[in-house]
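User: Can you walk me through this one? I'd like to start with how helices pack, then move on to the chain contact.
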Amino acid sequence: MEEIKLAKGFKPALAGKPDQSVIHLPDPETVGVSVMDMPYIRPKILVKENDPVKTGTPLFCDKRNQRIQYVSPATGIVSQIIFGERRHLKEIVIRLKGKNECIQFETLSPDTVDKVQKATLIRLLQEGGLWPCFRQFPFKDTADPDLEPAMIIVSMNGNDPFSPHPAAVLEHESRAFEFGIRILHQLSPRIVISSRQSSLDRLNGFKNHITHNVPDVYPAWDPGVVLYKLKTAIKENSSWCISAEHLALIGNFLLTGTYPVKRVFTVTRSNDQKPHIIARQGSPVKLLAGSFPDKSLITTGRFNGRPVDLDSHMGFFETTLNIIPDNPKEELFGFITPGISKPSASRTFLSSFLKTRTQQDCNLHGEERACVNCGYCAKICPVDLDPSFIMKAVLSDDIEDALSFGLLDCCRCGLCSYACPSKIELTHLLSNGINAYYKDKQ
Amino acid sequence: MNPLKKLFDSTQKYFSGSGKFNALAPLFDATKTFFFLPSPRTRHIPFVRDSLDLKRFMSFVILSLMPVLLFGIYNTGLQAGIATGKPCTGVEAFLTGLTYVLPIIIVTYAVGFFWEILFASIRGHKISEGLLVTGLLFPLTLPPTIPLWQVAVGISFGVVIGKELFGGTGRNVFNPALTGRAFLFFSYPLTMSGDVWIAGKTLVDGVSGATALAVTAQEGQTITAALADSGFTLSKLFLGFVPGSIGETSTLCCLIGAAFLILTRVANFRIIIGGLAGLILTSLVFYFIPGTSGSWLNAGPLYHLCAGGFMFGITFMATDPVSAPGTDPARWVFGFLIGFLTVTIRAVNPAFVEGAMLAILFMNVFAPLLDHMVMKYKVSKRIPNV
């Protein structure tokens, strides 16, 4: 096992770490398939409201490659197709009805999997709705099936510091996980499996598979960061990544021929230790979140998730709900208080010297100002970018400069915006730059 | 509810929308946010944000200036007492100093904020906290005897020409406070350098006349002996009990400020350490040039460090993040060259006795170039991703 070193990143200790115990939730009344966590997709809807669906029935496909399908995670009827701004599909809601019926797909046997053709493998995964598990750098778009990636990075940990523990996710899944790894070897010559240092002690059965361990500093386990640390050649820029949970889903799917729906979630609150939750894919946010103060913000990742409302459903890539309190209080002389309990990556609060576990809120703690070139963003960026320079290049439409400064290495971890004392939306601006470039290339 | 908060809430309507004083909205906003730190909800990722904002960032520079300011006031009283022949110490000296320094600070802030509010109102943006720092840095670079109208002219030049013409905070090439000082330095040289106390006050004697850097040695005398003759011993220069600009005299207080800024990481230590290294190395090189014993070439690192405004400049002026480079290697070079140029100007150029101000302004011009070179190097090390 090799160690990847990361000097930068988010180091303060956070409060609200979820408990390691696991509870099972019964099937919800509705499940949803969200499009909001799938970047760049142009969905073509294949069902109408009130259509009956089985587990595994395709709901929509991607107009860019119609063979890539997205399937229903439950049996019932399509109760709602929700559109957002400019009639962009947001999610398809399915009301569960009757006994769970699964569409039976082809299976692969462990004995012959090493000889199966790559095209067959891809076709099976596309039909079964599991191809989107593979994401392709630099945009983290759905992987291009025609490409042989130089590297596939499997990440044991999720996007949030408190995403589900891989030991909870992979419990009873070791066979599927190992089968998944054999599948990966069909797709790429190099497989990298990375895990957080702190996750390792509970991953005994999987340790021989893990090739790299990363420090316990957000976002060291982000596949984008792992790729940045490992890549040595230009062709590795278009590597793929997949989460360990999705890899186990693929293994399960190919072994059983049915679409796997069991997912593990965490719900975090700063003054609470909730257990890990096992529930069906696409469970309603309301069911998972439980009760909490009205004004909190719910996100699927405090640094790089999306805000969700109570009526929506968990997305395919989302495994965490952070309930972040709203604290809009305007503090008297806030700019000069000692700040024992105020979280900060800077050294201007006593909390940074006392190393207290600090509670976070979803507020800006200041107002937007001009960039003063202080360099806090560069000091925290895990992939050694100078976000303020790139931001200025993006804002002045100088995409060539922005790209040469490494814009596409940005893994959108959110730390530059986090640290900016001028409260500039750096991640948002950089992300817009990446998206604009993506559209340009199409 | 806090009564102050009530007052702001009840008067907000006059300053917003179609209120009577809506043109003064930036002023109202600046006053309100001075008392109450605003904290709206985040709209984009990440949803959690650091507690540090620019107001606190700038306040910490003000805090770091407190030792310099308080000592500057005290020393001004002390020197004024010596110059007028009525020596005083302790509280009396502090109060005397206050009568000199306070009007300068008040005029600076009043005139500075007038321009800032004017530009903010016209442009419709918020008042930047940068002026709080500029408005305190500028008076500290001035001699206490300066006429107040010159203070007003100087800060006007600094804020309008040095900052607002470039587009306001964050876009200025030069440090605004130093720009203002440079303007005064070249426009009114008599009040800015040399015979500080004699210019404004009754002529007493030569004891408290020129600043240390203006001292020249007699035939056959070393520069350090000449300095000691004029009352500039090393310990006096280090502690700051010498005439000079309000804030620059005490190297010790500047070091305290530098330590605070480095500890809280508000200033970048690379600039300060780089500057010190540049000053020490350059002065050492000059020190070993033979046949220079009577000039500042021979003063050695300690005298160069303690005399004049270098320590003040490198701690508070060079570390202004806007006009300094934004990349770490460039910061080292930037600091080092300021140290180098300061000593070079002092020792080699007979026209200017003080080099720190010119060195910093000169390097401000080169900061973007240094950044450009560093970025080019960084790009060449990156695996291209396009």
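Analyst: One definition before the packing: axes are lines fitted to C-alpha atoms, for helices over the stretch in contact, and angles run from 0 to 180 degrees between N-to-C directions. Also, this is a predicted model.

User: Fine. At what angle do helix 13 and helix 15 of chain B pack?
Analyst: About 155 degrees, with the axes 9 Å apart. Angles over 145 count as roughly antiparallel, so helix 13 of chain B is roughly antiparallel to helix 15 of chain B.

User: Is that crossing of helix 13 and helix 15 of chain B left-handed or right-handed?
Analyst: Right-handed.

User: Which residues meet there, between helix 13 and helix 15 of chain B?
Analyst: Helix 13 of chain B brings I271(B), I272(B), G275(B) and L279(B). Helix 15 of chain B brings F310(B), I314(B) and T315(B). By class, that contact has five nonpolar, two polar and no charged residues.

User: Switching to helix 5 of chain B. How many of its residues are buried?
Analyst: Eleven of eleven, from residues 130-140. Among them are G130(B), F138(B) and P139(B).

User: What covers the buried residues of helix 5 of chain B?
Analyst: The cover includes helix 3, helix 4, helix 6, helix 7 and helix 15 of chain B.

User: Now the contact between the chains. How many residues does each chain give?
Analyst: Chain B gives 47 and chain A gives 64. On the side of chain B, the largest share is six residues, from helix 3 of chain B. By class, that side has 22 nonpolar, 16 polar and nine charged residues.

User: Which strands pair across the two chains, and in what sense?
Analyst: Strand 20 of chain A and strand 1 of chain B, antiparallel, over two bridges. There, E331(A) stands opposite L37(B).

Methods. Residues are numbered from 1 along each chain as its sequence is written. Chains are lettered from A and ligands numbered from 1 in the order in which they are written. This is a predicted model: local features need pLDDT of at least 70, side-chain atom pairs count only at pLDDT 80 or more; totals for chains, interfaces and linings use all residues. Two residues are in contact if their C-beta atoms, placed from the backbone, lie within 7 Å. Helices (H or I, at least four residues) and strands (E, at least two) are DSSP runs, numbered from the N terminus. Ala, Val, Leu, Ile, Met, Phe, Trp, Tyr, Cys and Pro count as nonpolar, Asp, Glu, Lys and Arg as charged, and the others, Gly among them, as polar. Two strands pair if DSSP finds at least two bridges between them. A residue is buried if 20 or more other C-beta atoms lie within 10 Å of its own, exposed if 12 or fewer, and partly exposed in between; C-beta atoms are placed from the backbone. Angles under 35 degrees count as roughly parallel, over 145 as roughly antiparallel, 65 to 115 as roughly perpendicular and the rest as oblique. A crossing is left-handed if the near helix is turned anticlockwise from the far one by less than a right angle, and right-handed if clockwise.
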